[in-house]
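My notes follow in the order I took them.

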Amino acid sequence: MKKFDIRKIRVRKVSVDDLDDRMLLINLYATQGLTFIIGLIWVLFQRQNIIALFKFPRELTFLWWGVGLAAAVIVVDLLISRFVPEEAADDGGVNDRIFRKRPVWHIVLISFIVAVCEELLFRGAIQHAIGPYWTSIVFATIHVRYLKHWIPTGLVFSISYGLGWIYMETGSIWSAIIAHFVIDLIMGLIIRFRRES
(Lines give C-alpha, C1' and ligand atoms only; values in the text may rest on other atoms or scores of the structure.)
Protein backbone atom coordinates (compact mmCIF):
# COMPACT_ATOMS: atom_id res chain seq x y z
CA MET A 1 0.00 0.00 0.00
CA LYS A 2 1.37 3.36 -1.06
CA LYS A 3 1.62 6.06 1.61
CA PHE A 4 0.20 9.52 1.06
CA ASP A 5 2.93 12.15 1.08
CA ILE A 6 1.70 15.69 1.72
CA ARG A 7 5.03 17.11 0.49
CA LYS A 8 4.16 16.01 -3.05
CA ILE A 9 1.13 18.30 -3.20
CA ARG A 10 1.81 21.32 -5.39
CA VAL A 11 -0.27 24.46 -5.49
CA ARG A 12 -0.33 26.44 -8.70
CA LYS A 13 -2.30 29.34 -10.01
CA VAL A 14 -5.07 28.26 -12.36
CA SER A 15 -6.71 30.53 -14.90
CA VAL A 16 -10.37 30.22 -15.83
CA ASP A 17 -9.16 29.16 -19.29
CA ASP A 18 -7.47 26.12 -17.71
CA LEU A 19 -10.82 24.78 -16.44
CA ASP A 20 -13.15 22.76 -18.61
CA ASP A 21 -16.90 23.41 -18.37
CA ARG A 22 -17.53 20.53 -15.96
CA MET A 23 -14.80 21.67 -13.55
CA LEU A 24 -16.03 25.27 -13.73
CA LEU A 25 -19.54 24.16 -12.72
CA ILE A 26 -18.20 21.91 -9.95
CA ASN A 27 -16.20 24.86 -8.64
CA LEU A 28 -19.25 27.16 -8.84
CA TYR A 29 -21.62 24.77 -7.04
CA ALA A 30 -19.00 23.75 -4.45
CA THR A 31 -18.27 27.37 -3.50
CA GLN A 32 -21.99 28.15 -3.28
CA GLY A 33 -22.56 25.05 -1.13
CA LEU A 34 -19.73 26.13 1.15
CA THR A 35 -21.15 29.66 1.26
CA PHE A 36 -24.56 28.28 2.26
CA ILE A 37 -23.13 26.03 4.99
CA ILE A 38 -20.99 28.82 6.47
CA GLY A 39 -23.97 31.20 6.37
CA LEU A 40 -26.27 28.66 7.99
CA ILE A 41 -23.80 27.85 10.78
CA TRP A 42 -23.08 31.56 11.37
CA VAL A 43 -26.81 32.39 11.57
CA LEU A 44 -27.34 29.54 14.04
CA PHE A 45 -24.38 30.66 16.18
CA GLN A 46 -25.93 34.14 16.26
CA ARG A 47 -29.04 32.44 17.65
CA GLN A 48 -31.19 33.78 14.85
CA ASN A 49 -34.26 31.84 13.85
CA ILE A 50 -33.54 30.52 10.34
CA ILE A 51 -37.26 29.97 9.67
CA ALA A 52 -38.06 33.56 10.66
CA LEU A 53 -35.15 34.81 8.52
CA PHE A 54 -36.61 33.16 5.40
CA LYS A 55 -40.26 33.84 6.20
CA PHE A 56 -42.12 35.38 3.26
CA PRO A 57 -43.68 38.75 4.16
CA ARG A 58 -47.44 39.18 3.78
CA GLU A 59 -47.14 42.37 1.75
CA LEU A 60 -45.38 42.56 -1.61
CA THR A 61 -43.37 45.68 -0.76
CA PHE A 62 -40.18 43.57 -0.54
CA LEU A 63 -40.72 42.48 -4.15
CA TRP A 64 -40.84 46.06 -5.45
CA TRP A 65 -37.71 47.00 -3.49
CA GLY A 66 -35.87 43.99 -4.94
CA VAL A 67 -37.00 44.52 -8.52
CA GLY A 68 -36.41 48.28 -8.24
CA LEU A 69 -32.82 47.88 -7.05
CA ALA A 70 -32.17 45.25 -9.73
CA ALA A 71 -33.51 47.56 -12.45
CA ALA A 72 -31.31 50.43 -11.25
CA VAL A 73 -28.21 48.19 -11.14
CA ILE A 74 -28.87 46.81 -14.63
CA VAL A 75 -29.31 50.31 -16.10
CA VAL A 76 -26.06 51.51 -14.46
CA ASP A 77 -24.18 48.38 -15.59
CA LEU A 78 -25.42 48.75 -19.18
CA LEU A 79 -24.37 52.42 -19.19
CA ILE A 80 -20.95 51.51 -17.83
CA SER A 81 -20.51 48.79 -20.45
CA ARG A 82 -21.51 51.25 -23.16
CA PHE A 83 -19.12 54.06 -22.20
CA VAL A 84 -16.24 52.34 -20.41
CA PRO A 85 -13.63 50.30 -22.30
CA GLU A 86 -14.14 46.54 -21.93
CA GLU A 87 -10.70 45.98 -20.38
CA ALA A 88 -11.54 48.40 -17.53
CA ALA A 89 -14.40 46.13 -16.43
CA ASP A 90 -12.74 42.78 -17.16
CA ASP A 91 -13.47 39.95 -14.71
CA GLY A 92 -11.02 37.55 -16.33
CA GLY A 93 -13.71 35.93 -18.47
CA VAL A 94 -15.40 34.09 -15.59
CA ASN A 95 -18.94 35.38 -16.20
CA ASP A 96 -18.56 34.81 -19.93
CA ARG A 97 -17.47 31.20 -19.34
CA ILE A 98 -20.29 30.55 -16.86
CA PHE A 99 -23.15 31.96 -18.95
CA ARG A 100 -22.04 31.98 -22.60
CA LYS A 101 -23.26 28.52 -23.67
CA ARG A 102 -25.60 27.74 -20.81
CA PRO A 103 -29.28 26.97 -21.51
CA VAL A 104 -31.77 29.49 -20.10
CA TRP A 105 -33.10 27.08 -17.43
CA HIS A 106 -29.54 26.61 -16.13
CA ILE A 107 -28.93 30.38 -16.00
CA VAL A 108 -32.13 30.68 -13.93
CA LEU A 109 -30.95 27.86 -11.62
CA ILE A 110 -27.45 29.29 -11.17
CA SER A 111 -28.84 32.78 -10.50
CA PHE A 112 -31.26 31.47 -7.87
CA ILE A 113 -28.69 29.30 -6.07
CA VAL A 114 -26.11 32.10 -6.00
CA ALA A 115 -28.70 34.62 -4.74
CA VAL A 116 -29.95 32.41 -1.89
CA CYS A 117 -26.50 31.18 -0.77
CA GLU A 118 -24.75 34.55 -0.90
CA GLU A 119 -27.60 36.50 0.68
CA LEU A 120 -27.86 34.00 3.53
CA LEU A 121 -24.17 34.51 4.30
CA PHE A 122 -23.79 38.21 3.58
CA ARG A 123 -27.16 39.73 4.55
CA GLY A 124 -28.40 37.05 6.95
CA ALA A 125 -25.16 36.45 8.88
CA ILE A 126 -22.37 38.94 8.20
CA GLN A 127 -24.52 42.07 7.98
CA HIS A 128 -26.24 41.03 11.21
CA ALA A 129 -22.80 41.03 12.86
CA ILE A 130 -20.97 44.02 11.31
CA GLY A 131 -23.50 46.13 9.40
CA PRO A 132 -23.97 46.89 5.69
CA TYR A 133 -20.82 48.99 5.10
CA TRP A 134 -18.28 46.42 6.31
CA THR A 135 -20.33 43.61 4.82
CA SER A 136 -20.04 45.35 1.45
CA ILE A 137 -16.27 45.59 1.82
CA VAL A 138 -16.11 41.85 2.55
CA PHE A 139 -18.50 41.15 -0.36
CA ALA A 140 -16.35 43.17 -2.79
CA THR A 141 -13.18 41.49 -1.52
CA ILE A 142 -14.68 38.00 -1.92
CA HIS A 143 -15.36 38.81 -5.58
CA VAL A 144 -11.61 38.76 -6.08
CA ARG A 145 -11.77 38.57 -9.88
CA TYR A 146 -12.97 42.20 -9.96
CA LEU A 147 -10.25 43.62 -7.71
CA LYS A 148 -7.89 44.33 -10.61
CA HIS A 149 -10.13 47.17 -11.79
CA TRP A 150 -11.72 49.87 -9.68
CA ILE A 151 -14.95 50.21 -11.71
CA PRO A 152 -16.25 46.64 -11.18
CA THR A 153 -14.98 46.67 -7.58
CA GLY A 154 -16.88 49.89 -6.91
CA LEU A 155 -19.96 48.49 -8.64
CA VAL A 156 -19.88 45.27 -6.58
CA PHE A 157 -19.45 47.29 -3.37
CA SER A 158 -22.37 49.56 -4.33
CA ILE A 159 -24.61 46.63 -5.24
CA SER A 160 -23.83 44.95 -1.93
CA TYR A 161 -24.55 48.13 0.00
CA GLY A 162 -27.83 48.50 -1.92
CA LEU A 163 -28.75 44.91 -1.08
CA GLY A 164 -28.00 45.58 2.59
CA TRP A 165 -30.00 48.78 2.52
CA ILE A 166 -33.14 47.22 1.02
CA TYR A 167 -32.81 44.34 3.49
CA MET A 168 -32.89 46.86 6.36
CA GLU A 169 -35.72 48.88 4.77
CA THR A 170 -38.00 45.90 4.19
CA GLY A 171 -36.91 43.68 7.08
CA SER A 172 -36.97 40.75 4.66
CA ILE A 173 -34.00 38.87 3.25
CA TRP A 174 -36.23 38.07 0.26
CA SER A 175 -35.88 41.63 -1.05
CA ALA A 176 -32.10 41.15 -1.29
CA ILE A 177 -32.47 37.62 -2.72
CA ILE A 178 -34.88 38.84 -5.41
CA ALA A 179 -32.63 41.77 -6.35
CA HIS A 180 -29.54 39.53 -6.47
CA PHE A 181 -31.41 36.91 -8.49
CA VAL A 182 -32.79 39.39 -11.06
CA ILE A 183 -29.39 41.09 -11.47
CA ASP A 184 -27.57 37.80 -12.06
CA LEU A 185 -30.34 36.44 -14.28
CA ILE A 186 -30.54 39.48 -16.56
CA MET A 187 -26.76 39.84 -16.79
CA GLY A 188 -26.43 36.10 -17.50
CA LEU A 189 -29.06 36.30 -20.24
CA ILE A 190 -27.37 39.36 -21.75
CA ILE A 191 -24.05 37.48 -21.87
CA ARG A 192 -25.78 34.37 -23.26
CA PHE A 193 -27.63 36.07 -26.08
CA ARG A 194 -25.12 38.80 -26.86
CA ARG A 195 -22.61 36.09 -27.68
CA GLU A 196 -24.98 34.36 -30.08
CA SER A 197 -25.70 37.40 -32.25
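Which residues have the most contacts inside the largest nonpolar core? I am working from a predicted model. I found 13 residues in that core, and Val43, Leu53, Phe54, Leu120, Ile173, Trp174 and Ile177 have the most contacts inside it. I then looked up which elements give two or more residues to this core: they are helix H5 (104-142) and helix H7 (173-196).

Next I took Leu120 and left out residues up to four places away in sequence. Leu120 touches Phe36, Gly39, Leu40, Val43, Ile50, Leu53, Phe54, Ala125 and Ile173.

I also noted a second, separate core of 12 residues. Among its members are Ile74, Ile159, Ile166 and Ala176.

Then I turned to a helix pair. How do H3 and H6 pack? Helix H3 (residues 61-83) and helix H6 (residues 150-170) have axes 10 Å apart, at an angle of about 165°. Angles over 145 degrees count as roughly antiparallel, so H3 is roughly antiparallel to H6. I logged their crossing as right-handed. On the H3 side, the contact includes Phe62, Trp65, Leu69 and Val73. On the H6 side, it includes Leu155, Ile159, Leu163 and Ile166.

Last, I checked the whole chain. I counted 7 helices and 0 strands. Of the 197 residues, 39% count as buried. Among contacts between residues at least 6 apart in sequence, 80% join residues at least 24 apart. The protein exposes about 12,400 Å², and carbon and sulfur atoms supply 66% of that area.

Key: Residues are numbered from 1 along each chain as its sequence is written. This is a predicted model: local features need pLDDT of at least 70, side-chain atom pairs count only at pLDDT 80 or more; totals for chains, interfaces and linings use all residues. Side-chain values use heavy atoms; hydrogens and water are left out. A nonpolar core is a set of buried Ala, Val, Leu, Ile, Met, Phe, Trp, Tyr and Cys residues joined through side-chain atoms within 4.5 Å. Buried means under 20% relative accessible area, exposed over 50%, partly exposed in between (1.4 Å probe, protein chains only). Helices (H or I, at least four residues) and strands (E, at least two) are DSSP runs, numbered from the N terminus. Contact means heavy atoms within 4.5 Å. Accessible areas come from the Shrake-Rupley method with a 1.4 Å probe; for residues, only the protein chains shown count as cover. Axes are lines fitted to C-alpha atoms, for helices over the stretch in contact, and angles run from 0 to 180 degrees between N-to-C directions. Angles under 35 degrees count as roughly parallel, over 145 as roughly antiparallel, 65 to 115 as roughly perpendicular and the rest as oblique. A crossing is left-handed if the near helix is turned anticlockwise from the far one by less than a right angle, and right-handed if clockwise.
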